Structure formats: structure tokens, C-alpha cells
Amino acid sequence: MMARLVHPSPFQPLDKMLSISEGCNVLVREQSCFQAGVEGYHLWESSLLLARWVYQNKQLWAGKRVAELGSGCGLAGLCLCKFTDCQSVLLTDYQAQTLSNLRHNLDVNFGDEYCVANHNATKGSCRLCSTKCNVVELDWRESSSLPQVDVVFGSDLVYAGTPVQALCDTIDRLLSPTGVAYIVLPDSRQNVNEFLELIAHKGFQVERESLNSPLYKACTYAEEQQAQFEIDFPDMHNSFSLYSLTRTLTPTVVQ
């Protein structure tokens, strides 16, 4: 009898090492197949683009207090914490399973081995990592006691069913008066315009930057695994934009 080849379930979480830039990697556990109800357990194209944009703009983050909305697997936030001189990062989400996985990804990237090698810390004693990056539950629809930050950022925050008004209220509430928000979204997403109009009405100026260059989209898998990159990120051929949001004196309307 021939042995039956058993393939892992697409809903089985797997560890993946993602290359942000040459020699700069982040390890995340994710569910390769999207499953409704645990959207944050899946690694989306926008999160990889945001992580690479964060790395390419490291000068923006020095000394900043940062909050990531809808962190999901935490790729961009972990990249920020590992490769920039930001002061602190809050990784936020609200689904229990997503938060548990987010804490796991934080632990595997900032465990004892990392701290001993990078911070001259003894095992279990690295105060730098324990205070720099933290996972926090945050539901946009509920009031929050989180402190204001210098930068709010996130990816794929707008999709079918998103409480867009609550998202805009959360950005407005968390961001300091002189702060800036960076949001990466697919251009084809239907309610992007709704988000842009609502955030403008709250007094934010919106600037758009294309993220469609190979600098952000390039496959960094080994040559024999390039087909897997297309499986992992099937929508990478679509267009994506980064929106920078800063406060203005009077509400504006997006053209």
C-alpha cells in the first residue's frame, strides 16, 4: 500500500521568516488561508508593504511613541521595534486569538537569545524589550484609556464591515496634536474613499504615496520558493497606497 501524502491544513498556523531588507528579518506565526472572524491571524500584503516602508524611512521614528492599529500578526510593529530607534510601540488588536498570536510573535522576536545578543542582557532581564514593545487590547468602538502617541500607523484597516467612523475617532483620540498617522490600503478597496472623507472632516490633511515599486513589493524568497511567495501574497500585483494624516486648523475635504 502506498503511503498517503498528508498536506498541512491551510488553517494551520505556520512560522514564516519575512525579509524586510537584506539581512533584516522578522519571524511571525500566521494562518496562510484567510478565515472570517480571525482576520488578524492572516498575513496581508499591506502589512509587508508597511513593514518595508517603515524600514526605508527609519529616520521618521527616532524617539517616537507609536501605536499600531489592527496589528494582526504584528509584522510592521515588530519591524519598527527591531530596526528603528523609536521610544515605544503599542501593538493593538481586539480578537482574543489574534492577541494571543501577537504575543507569541513578540516573544519569538524578542526572546532571551535576541536580548543577550543585542542588548548585553542576561536571560529574562531585558528591561529594554519589556518596556519598548507591548501588546494591548483595543476595540475602536469602545472608549480607551491609552495615552496619546506621536505616531499612529496600520495596514488594511478598511474592509467590508469596518466601523470606519470608529476607526477615525480612534486615530483622532490617540494621536497627539502634532502627531502623524500612516495608513496603508489597497487602492481597490471600496470604502477607502469613505475613510478619507471622514478623516478629512475630522480636521486631517491627507497626502498619498504610491507603494508599488519593487522596493516594497519584491519577492525575497529563495529562487526555488518564488512560487510560494505568489501563493502567500496573491494580491501583491494590485496597487497600494500609503496615506499620511496630519492635523489642520480647519477640516478639509479630500478631492
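This is a predicted model: local features need pLDDT of at least 70, side-chain atom pairs count only at pLDDT 80 or more; totals for chains, interfaces and linings use all residues.
Leaving aside its neighbours within four places in sequence, which residues is Met236 in contact with? The contacts of Met236 are Glu45, Leu48, Leu49, Lys217 and Phe229, where contact means heavy atoms within 4.5 Å.

Residues are numbered from 1 along each chain as its sequence is written, and side-chain values use heavy atoms, with hydrogens and water left out.

The protein has nine helices and nine strands, these being DSSP runs numbered from the N terminus, with helices (H or I) of at least four residues and strands (E) of at least two. Of the 255 residues in the protein, 49% are buried; buried stands for under 20% relative accessible area, exposed for over 50% and partly exposed for what lies in between, with a 1.4 Å probe and protein chains only. The protein exposes about 13000 Å², and carbon and sulfur atoms supply 50% of that area, as computed by the Shrake-Rupley method with a 1.4 Å probe. Among the contacts with a separation of 6 or more, 73% are accounted for by residues 24 or more positions apart.

Met236 itself has its place in the loop between α9 (226-232) and β9 (240-247), and Met236 is buried, with a relative accessible area of 7%. Computed along the sequence, Met236 and Asn212 are 24 residues apart, while in space their C-alpha atoms are 9.0 Å apart.

Two packed helices are described by the angle between their axes and the distance between the axes. The axes of α1 and of α2 (residues 75-83) come within 8 Å and cross at roughly 20 degrees, the axes being lines fitted to C-alpha atoms, for helices over the stretch in contact, with angles that run from 0 to 180 degrees between N-to-C directions. The two helices α1 and α2 are therefore roughly parallel to each other, given that angles under 35 degrees count as roughly parallel, over 145 as roughly antiparallel, 65 to 115 as roughly perpendicular and the rest as oblique. On the α1 side, Ser47, Leu48, Leu50, Ala51, Val54 and Tyr55 meet Leu75, Ala76, Cys79, Leu80 and Phe83 of α2. By class, this contact of α1 with α2 has 10 nonpolar, one polar and no charged residues, where Ala, Val, Leu, Ile, Met, Phe, Trp, Tyr, Cys and Pro count as nonpolar, Asp, Glu, Lys and Arg as charged, and the others, Gly among them, as polar.

A second pair of helices is α6 (residues 164-174) and α7 (residues 192-201), which pack at an angle of about 40 degrees with their axes 9 Å apart. That angle makes α6 oblique to α7. The contact is made by Val164, Gln165, Leu167, Cys168 and Ile171 of α6 together with Glu194, Phe195, Leu198 and Ile199 of α7, and by class it has seven nonpolar, one polar and one charged residues.

Turning to the strands, Glu68 lies in β3 (residues 65-68) and counts as buried at 2% relative accessibility. Beyond its neighbours within four places in sequence, Glu68 is in contact with residues including Ala76, Gly77, Leu90 and Phe153. The C-alpha atoms of Glu68 and Val152 are 5.8 Å apart in space, although these two residues are 84 residues apart in sequence.

Asp150 lies in strand β6 and, at 18% relative accessibility, counts as buried.

The loop between β6 (149-155) and α6 holds Asp156, which counts as buried at 12% relative accessibility. Most residues other than glycine have a negative phi. The phi of Asp156, however, is near 55 degrees, a positive value in a residue other than glycine.

Asp156 is also one of the residues touched by Pro186, along with Ser46, Val192, Ser239 and Phe240, when residues up to four places away in sequence are not counted. Pro186 is found in strand β7 (residues 175-186) and is buried, with a relative accessible area of 6%.
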